[in-house]
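Please keep the sequence and the structure at hand while reading.

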Amino acid sequence: MIVGLIVNPVAGLGGAVALKGSDGPDIQARALALGAVPRAAERAAAALRALRAHRPDVLVRTVAGPMGEDSARAAGVPYRLAHRAAHRVGDRPAAFTGAADSLASTGPASTGPADTRAAVAALGEVDLLLFAGGDGTARDVLDAGPRPPVLGVPAGVKVYSGCFAVSPAAAGATAAGFDGRTVDAEVVDLDEEGHRAGLVGARLYGTLRVPAARERLSGRKTGSSAAPPGSAESIARAVVAGMRPGTAYALGPGATTLAVGRALGLALTPLGVDVVRDGALLAPDVTEQRLHAIAMSQVTHGVLSVIGGQGFVIGRGNQQFSPRVLAALAGVVVLATQQKLAALGGRPLLVDSGDPRADAAFEGHVRVVTGHRESVLYRISSASEELS
């Protein structure tokens, strides 16, 4: 089996530092200056490890350096280089130095959309093409017109397209079991500039052929417009009524948590994480570092909404809730309308923090607030464990 691999080494940089995306060199430079740590290479390597565990005979064809080779070397899979990006392997920001096979110490190369499109063209003769990134990377792959079927390894800030597996491990397992059958999956993306300004609106760009493994695909994110009027407000009343004096609450992104802000009389950051205490805004639009400092210094609860159509609670657009932040929190409150839970068709809520141990701590059932004085127990799982 021959699998292609393309890694967008800057994917996901802007998440933990509250930049709502990673598109564009200016945003990438700003993210690095704020202390962002690249994770796409690690997530690609995790997918390859799962792939080889199921298919020891796999051969990976990939791109030199951080666009794939580094991940293949870290995963210990046999690989051959099929392409070299226009930028040299060593063209990394000065803040990142180290051995090429050390994913923790090497940073993203200065590659861009044109490099991704060129890599897709160079990897046309493979059984399946894996790409690690987010919705912007999916758009670049789509624009290149890939000949083989593709599958996304989720590594971006926002992963709303339906062409991604639910986790890196699920991507590897799906690739290993690929039998040639495919389905069309939608590629959607947000305008990041509007996204940062709080203007939320996904645009459909097209479809990509992906393995016919619906249970392992994240599916396209759906909005909350189908919820009956007042549902979010009813949930918000329940959350506010349960807030304890002197306790901090970190409100994650989402329409339902925005309703909590309205119930408190506060204007929250539409797509950020805001911390409130005693009915007042304690810290707006926090980074992962700032949220961790707050959680370590005082009792803090996370308030998180469910992504419609996908079921993710952690790991999609709220990377500020990192493994170390989750460990420092006193608890987590999950919010969802009954309609949003029903639309999952019995599939579990999912956690993909990037740390299997942190994700495993959520395994079991969680109480989901669905309205004023209304809640249900619902199954929640690690995305890797549930569908790998």
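## Salt bridges

A salt bridge is counted here when a side-chain nitrogen of Lys or Arg lies within 4 Å of a carboxyl oxygen of Asp or Glu. This is a predicted model, in which local features need pLDDT of at least 70 and side-chain atom pairs count only at pLDDT 80 or more, while totals for chains, interfaces and linings use all residues. Residues are numbered from 1 along each chain as its sequence is written, and side-chain values use heavy atoms, with hydrogens and water left out.

The structure holds 11 salt bridges, one of which joins the side chains of Asp179 and Arg181 at 2.9 Å from N to O. Arg181 has 54% relative accessibility and counts as exposed, where buried means under 20% relative accessible area, exposed means over 50%, and partly exposed lies in between (1.4 Å probe, protein chains only). Arg43, Arg316 and Asp352 are linked in a network of salt bridges.

Helices (H or I, at least four residues) and strands (E, at least two) are DSSP runs, numbered from the N terminus. Arg139 and Asp189 form a salt bridge whose closest N and O atoms are 3.3 Å apart. Because Arg139 lies in helix H5 and Asp189 in strand E6 (residues 182-190), this pair ties together parts that are 50 residues apart in sequence. Arg139 is partly exposed at 27% relative accessibility, whereas Asp189 is buried, with a relative accessible area of 2%.

In the salt bridge between Glu288 and Arg324, the closest N and O atoms are 2.6 Å apart. Glu288 belongs to helix H10 (residues 288-297) and Arg324 to helix H11 (residues 323-328), so the pair ties together parts that are 36 residues apart in sequence. Glu288 is buried, with a relative accessible area of 12%, while Arg324, at 40% relative accessibility, counts as partly exposed.

## Helices H4 and H5

The axes of helix H4 (residues 113-122) and helix H5 (residues 135-144) come within 8 Å and cross at roughly 50°; axes are lines fitted to C-alpha atoms, for helices over the stretch in contact, and angles run from 0 to 180 degrees between N-to-C directions. H4 and H5 are therefore oblique to each other, since angles under 35 degrees count as roughly parallel, over 145 as roughly antiparallel, 65 to 115 as roughly perpendicular and the rest as oblique.

With contact meaning heavy atoms within 4.5 Å, Pro113, Thr116, Arg117 and Val120 in H4 meet Thr137, Asp140, Val141, Asp143 and Ala144 in H5.
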